[in-house]
Amino acid sequence: MSATESDTNHHVPGGPLSTKSKVLETGALLAQNFAPVNAICAHLNAFHVYTSDPSRCVEANHYCSHISEDVRQCLIYDTPQPNARLIGVEYMISPKLYSTLDSEERKLWHSHVFEVKSGMLIMPGPAGVPTAGWEVAETKEMEEVIGLYGKTYHFWQVDRGDQLPLGGPELMGSFTRADQLPEGLLEGRDERYGISSQQKKEKRGYIGEPEVEKGA
């Protein structure tokens, strides 16, 4: 996808990158250290729900790195394409750390149990890697993620067509029951990625459901 197509599709103000900008980008890429970004080790895809309006949700592509065994941090983009918009951030912590939070703070965090068990949360496979082999790795990752708690804020409300990140940050949550899912939401995502959430749900049947702490 070209820069022009990117701007047109996203309705973002401004024209395509100039030759000067492209040259500067290339120079920076060759000369600078991008260690924090290079530490990203997982791409997860799911949906986030606006806690201020649960009728609204948005697809979220998480690019995550591990700060420690108990803390992960993820950049959230609207798509997995090079022209994707950075729309938010998510922090994930272990149950051990979640248990240290006070009751008010806990209200800002959400569980990943339903996302994992329903097959909604996926780790898109890279091109050329056999599906069967990748799903083994994905399922192992889900064994870890299911127990984590996430705190997520979005800054750019792309679902309502905002051309820029307007207003204050929005606290986001997660779906926790199947009856909360808008009709066709998973089917549309699955078709684009060539996967089946239902099959993933079945493959993850053996993963135990950790007790969700009160407040999440």
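**Figure 1. Cys74 and its disulfide partner in the predicted model.** Cys74 is buried, with a relative accessible area of 3%. The structure shown here and in the other views is a predicted model. A disulfide joins Cys74 to Cys64, with an S to S distance of 2.1 Å. Cys64 is likewise buried, at a relative accessible area of 3%. The link between Cys64 and Cys74 is right-handed, with 105° about the S-S bond. Cys64 belongs to strand 2 (residues 53-68) and Cys74 to strand 3 (residues 71-77), so the bond ties together parts that lie 10 residues apart in sequence. The count of disulfides in the model is 1.

Figure 2. For Cys41, the closest cysteine sulfur is that of Cys64, at 7.5 Å. A disulfide requires two cysteine sulfur atoms within 2.5 Å, so the sulfur of Cys41 is too far from that of Cys64 for a bond. Cys57 is buried, with a relative accessible area of 18%; the cut-off for buried is under 20%.

**Figure 3. The aromatic pair of Tyr63 and Tyr77.** A search of the whole structure finds 2 aromatic pairs. One of them is formed by Tyr63 and Tyr77 and is edge-to-face, with 5.7 Å centre to centre and 80° between the planes. Tyr63 lies in strand 2 and Tyr77 in strand 3, and the pair links distant parts of the chain, 14 residues apart. Tyr77 is partly exposed, at a relative accessible area of 23%.

**Figure 4. The aromatic pair of Tyr98 and Tyr149.** The rings of Tyr98 and Tyr149 are stacked, with 3.9 Å centre to centre and 10° between the planes. Planes under 30 degrees apart count as stacked, so the angle of 10° places this pair in that class. Tyr98 is part of helix 4 (residues 95-98) and Tyr149 is part of strand 6 (residues 149-154), so the pair ties together parts that are 51 residues apart in sequence. Both Tyr98 and Tyr149 are buried.

**Figure 5. Arginine side chains over aromatic rings.** The view covers two contacts. In one, the charged end of Arg56 sits over the ring of Tyr50, 3.9 Å from the ring centre. In the other, the charged end of Arg85 sits over the ring of Trp156, and the distance to the ring centre is 5.5 Å.

Figure 6. The model has 1 cavity of 30 Å³ or more. The largest cavity has a volume of about 30 Å³. Its lining consists of Leu44, His48, His62, Glu90, Met92, His110, His112, Glu115 and Leu121. By class, the lining of the largest cavity holds 3 nonpolar, 4 polar and 2 charged residues.

**Figure 7. The second largest pocket.** The second largest pocket contains about 360 Å³ of space. Its lining is made up of 21 residues, and those nearest the pocket centre are His110, Gly173, Ser174, Phe175 and Thr176. At least two lining residues come from each of strand 1, strand 5 (110-111), helix 6 (113-117) and strand 7 (170-173). Strand 7 gives the most to the lining of this pocket, with 3 residues. By class, the lining of the second largest pocket has 12 nonpolar, 8 polar and 1 charged residues.

**Figure 8. Arg106 and Glu213.** Arg106 is located in helix 5 (residues 103-106). Arg106 counts as buried, at 16% relative accessibility. Along the chain, Arg106 and Glu213 are 107 residues apart, while their C-alpha atoms are separated by 8.9 Å.

**Figure 9. Ser52 and Glu170.** Ser52 is in the loop between strand 1 and strand 2. Ser52 is exposed, with a relative accessible area of 53%. The C-alpha atoms of Ser52 and Glu170 are 7.7 Å from each other, and the two residues are 118 residues apart along the chain.

Definitions and conventions
Residues numbered from 1 in each chain as written. Predicted model: local features only at pLDDT ≥ 70, side-chain atom pairs only at ≥ 80, totals over all residues. Heavy atoms only, no water. Helix = DSSP H or I, 4+ residues; strand = E, 2+ residues; numbered from the N terminus. Buried < 20%, exposed > 50% of the residue type's maximum accessible area, 1.4 Å probe, protein only. 1 Å grid on protein atoms, 1.4 Å probe; cavity = no way out; pocket = protein on both sides within 12 Å on 5 of 7 lines; lining within 4 Å. Points joined across faces, edges and corners; volume = space filled by probe spheres on them. Nonpolar A, V, L, I, M, F, W, Y, C, P; charged D, E, K, R; others polar. Phe/Tyr/Trp six-rings, centres within 6.5 Å; stacked < 30°, edge-to-face > 60°. Lys NZ or Arg CZ within 6 Å of the ring centre and 35° of its normal.
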